[in-house]
Amino acid sequence: MIKYSELENVFLSQGVEIHEYNIETDEDIDLPYVVYTINSMESFSADGIDFFKTLEISMAFFDETLNFSLQRKIESILENNFTYFDKQVNFDSDARIYTISYQFTVEDDAIN
């Protein structure tokens, strides 16, 4: 399982640049563009002590095509790090943009 503190580096080391989702960005975005955000946190604890925390991550990339090579890269990175995922593909016909979304869990080692 990928550790949250290593998430961006794990992907970047395989040539996939990912960005934490920020709705307030004003910069121009070149496609394909990959973003991620934390959906929820789950703690495994006993006697008031957190022994293990996980974060549910949503990751999506946007592109004008289905970009099968990027899909394979992302899925390979997740699989090689024993990080299992759910995947969904959507097409926005008005914007003519594909959104390929992944849901997966990482170990929370960065948030105390």
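## Helix α2 and its buried face

In helix α2, the buried residues are L70, Q71, I74, E75, I77 and L78; buried means under 20% relative accessible area, exposed over 50% and partly exposed in between, with a 1.4 Å probe and protein chains only. Seen down the axis of α2, these buried residues fall within an arc of 155°, so they line one face of the helix. The arc is that of the directions from the helix axis to the C-beta atoms. On the other side of α2, R72 and N80 are exposed.

This is a predicted model, in which local features need pLDDT of at least 70 and side-chain atom pairs count only at pLDDT 80 or more, while totals for chains, interfaces and linings use all residues. Residues are numbered from 1 along each chain as its sequence is written, and side-chain values use heavy atoms, with hydrogens and water left out.

## How long is α2?

At 1.5 Å a residue, the 13 residues of α2 should span 18 Å, which agrees with its end C-alpha atoms being 18 Å apart. The expected span is 1.5 Å times one less than the number of residues. Just after α2, F82 takes a positive phi of about 50°.

Now for the strands. Five of them form an open sheet with mixed pairing, in the order β1-β2-β3-β5-β4. Its edge strands, β1 (19–20) and β4 (85–92), each pair on one side only. Helices (H or I, at least four residues) and strands (E, at least two) are DSSP runs, numbered from the N terminus, and two strands pair if DSSP finds at least two bridges between them.

β4 and β5 (residues 97–107) run antiparallel and are joined by eight bridges. Helix α2 (residues 68–80) packs on the sheet, touching β2 (33–46), β3 (49–63), β4 and β5. Contact means heavy atoms within 4.5 Å.

Where is F11 found? Its place is helix α1 (residues 7–12), and F11 is buried, with a relative accessible area of 0%. Leaving aside neighbours within four places in sequence, F11 is in contact with I2, V16, I18, M59, I74, I77 and L78.

The largest nonpolar core has 21 residues, of which L7, F11, M59 and I74 touch the most other members. Such a core is a set of buried Ala, Val, Leu, Ile, Met, Phe, Trp, Tyr and Cys residues joined through side-chain atoms within 4.5 Å.

Definitions and conventions:
Axes fitted to C-alpha atoms, helices over the stretch in contact; angles between N-to-C directions.
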